[in-house]
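Dear colleague,

Please find the structure below, together with a short account of what was found in it.

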Amino acid sequence: ETIHRQVADIIDQHRQKPGALLPILHAIQDTLGFVPPESVFQIALALNRSRAEVHGVITFYHHFRTTPPADHVIQVCRAEACQSMGSDQLVDHVSRRVATCRAGQFDVHPVYCLGLCASAPAMMIDDTLHARVSPQKFDQLVDRLEA
Ligand code: FES
């Protein structure tokens, strides 16, 4: 099924509702993981809106992304306990390591406390928490994900 077809189906399911634009955008992102830029015209046409209007809504809400999500999401804790245990150096290391990986493989975000302060520095990779993450330990985790 092409993206165009999927988007068309989603539009059909929601277009009669008042304020259909947001439900449509949410449904597209839930289904595809992002709102493809090429679907903006399709949505605008179906809802009788301008392309600029649809684009404006997408960019206004930080929730919407216009590029496919990475295969893995890395959240590094930047809160106090982790800072005091070297999360700054860890973040530098993570950026350098991830820069050597294929594009689209990892998204890195800061996060503020993962509840593992006693075992800092902490990070979360996808749905898994990791405590006392040293640069070496991080490399091993990435190696495993890349394998
Ligand atoms: Fe990092 Fe709480 S400060 S887990």
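Which domains does the domain assignment of the protein chain give? The assignment gives domain 1 (3-60) and domain 2 (72-146), with bounds that come from an automatic or database domain assignment. The centres of domain 1 and domain 2, taken over C-alpha atoms, are separated by 34 Å.

Please note that this is a predicted model, in which local features need pLDDT of at least 70 and side-chain atom pairs count only at pLDDT 80 or more, while totals for chains, interfaces and linings use all residues. Residues are numbered from 1 along each chain as its sequence is written, and side-chain values use heavy atoms, with hydrogens and water left out.

Helix H7 covers residues 135-146; helices (H or I, at least four residues) and strands (E, at least two) are DSSP runs, numbered from the N terminus. In H7, Phe 138, Leu 141 and Val 142 are buried, that is, under 20% relative accessible area (1.4 Å probe, protein chains only). These residues lie on the same side of H7, because they cover an arc of only 95 degrees around the axis, taken from the directions from the helix axis to the C-beta atoms. Gln 136 and Arg 144, on the face turned away from the buried side, are exposed (over 50%).

The buried residues of H7 pack against several elements, including strand S2 (106-111), where contact means heavy atoms within 4.5 Å. Val 111 is placed in strand S2 and counts as buried because its relative accessibility is 14%. Among the residues that Val 111 touches, not counting those up to four places away in sequence, are Gln 75, Val 76 and Cys 77.

Yours sincerely

Methods: Expected span 1.5 Å × (residues − 1).
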